[in-house]
Amino acid sequence: MELEPLYRIQVNCPCCGSTFSTSRVRQSFKRALRTDTDFCGHYREGANPDYYVVRVCPICGYASTENSMAQLSNRQKEAYYNEVGKRWTSRDYGGERNNAQALDSYKLALMTCQAVGESDRLIAGILHHLAWLYRETGQEEQERKFLRFALDAYVQVYEEGEHTSSDARLMYLIGELNRRVGERNEAVRWFTRVIHDERIVDSAMIRACREQWQLIREEMHEEGALSNG
């Protein structure tokens, strides 16, 4: 019998306390066909693990991830119900999801995070995943909008110190998202910081910054040649 890509796990809702099941992609199916320079993975049909990051409680609609708060205060629960939960109509995201259902789950997670005061880093990741989902279906305007939202959130994470002094991956992402939204000078500034910061020893991120910096130089050279031609 051929193994199915999905399996079910049981989750306890941190808001209403209900137990519900949600799907995950088996580890053996998680190998990406290719990965973009901002870490967006492209997978074979029916096995995109990004679709199943968010767990949605069918009872109260509370949407969380493995990195969300495990417990909520009464004040946080009240804030969630007032801002999100009172508009929830019961539905089940526990089975196989398509792109549209994945988008819905991430948007629910974004509203949930904002209501209860989750970390800036978690919110940044959700915004970035939303951009990836729009990229998958070729919705470039929406992708770019959420890339900008994610970029602003990552910069806030960096500036508020939710990182180590040498978080090269975060700095690289800020540079790469700047590049993708057309802010080349700002992208180069962040790539350069990674390359020249002696505290950073992450050779993979240093190499990636050099490659993207070189890509920007080549793009600008080609554009200059075209404008002069």
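## Helix α3

Of the 17 residues of α3, 15 are buried, so the helix is largely enclosed by the rest of the structure. Buried here means under 20% relative accessible area, exposed means over 50%, and partly exposed lies in between (1.4 Å probe, protein chains only). Helices (H or I, at least four residues) and strands (E, at least two) are DSSP runs, numbered from the N terminus.

Helix α3 covers residues 120-136, and at 1.5 Å a residue its 17 residues should span 24 Å; the end C-alpha atoms are 25 Å apart, which agrees. The expected span of a helix is 1.5 Å times one less than its number of residues. After α3 comes G138, with a positive phi near 75 degrees.

## Basis of the model

The model is predicted: local features need pLDDT of at least 70 and side-chain atom pairs count only at pLDDT 80 or more, while totals for chains, interfaces and linings use all residues. Residues are numbered from 1 along each chain as its sequence is written, and side-chain values use heavy atoms, with hydrogens and water left out.

## Overall layout

The protein chain has seven helices and six strands. From the N terminus on, its elements run β-β-β-β-β-β-α-α-α-α-α-α-α. Along the principal axes, the C-alpha atoms fill a box of roughly 60 × 45 × 35 Å. Of the 229 residues, 47% count as buried. Among contacts in the protein chain with a separation of 6 or more, 58% come from residues 24 or more positions apart; a contact means heavy atoms within 4.5 Å.

The chain is divided into domain 1 (6-161) and domain 2 (165-228), with bounds that come from an automatic or database domain assignment. The C-alpha centres of domain 1 and domain 2 lie 28 Å apart. Their contact takes 17 residues from domain 1 and 19 residues from domain 2.

## Aromatic pairs

A search of the whole structure finds eight aromatic pairs. Rings of Phe, Tyr and Trp (its six-membered ring) pair if their centres lie within 6.5 Å; planes under 30 degrees apart count as stacked, over 60 as edge-to-face and the rest as tilted. One of the pairs is that of F39 and Y172, which is tilted, at 5.7 Å centre to centre and 55 degrees between the planes. This pair links distant parts of the chain, 133 residues apart: F39 is in the loop between β3 (34-35) and β4 (41-42), and Y172 is in helix α5 (residues 168-180). F39 is partly exposed, with a relative accessible area of 22%, whereas Y172 is buried at 3%.

The rings of Y62 and Y80 have centres 5.1 Å apart and planes at 70 degrees, so this pair is edge-to-face. Y62 lies in the loop between β5 (55-56) and β6 (63-64) and Y80 in helix α1 (residues 74-83), so the pair ties together parts that are 18 residues apart in sequence. Both Y62 and Y80 are buried.

Ring pairs link F39, Y172 and F191 into a cluster. R169 lies over the face of F39, at 3.9 Å from the ring centre. F39 also has a positive phi of about 75 degrees, although it is not a glycine. Most residues other than glycine have a negative phi.

A charged end is also placed over W190: that of R193 sits over the ring, 4.3 Å from its centre. A charge sits over a ring if NZ of Lys or CZ of Arg is within 6 Å of the ring centre and within 35 degrees of the ring normal.

## Cysteines

The structure holds zero disulfides, a disulfide being a pair of cysteine sulfur atoms within 2.5 Å. C60 is in no disulfide, and the nearest cysteine sulfur, that of C13, is 3.6 Å away. C60 is buried, with a relative accessible area of 4%.

For C209, the closest cysteine sulfur is in C40, and at 19 Å it is too far for a bond. C209 counts as buried, at 0% relative accessibility.

## L215 in helix α7

L215 is placed in helix α7 (residues 203-228). At 28% relative accessibility, L215 counts as partly exposed. L215 and F146 are 69 residues apart in sequence, and their C-alpha atoms are 23 Å apart in space.
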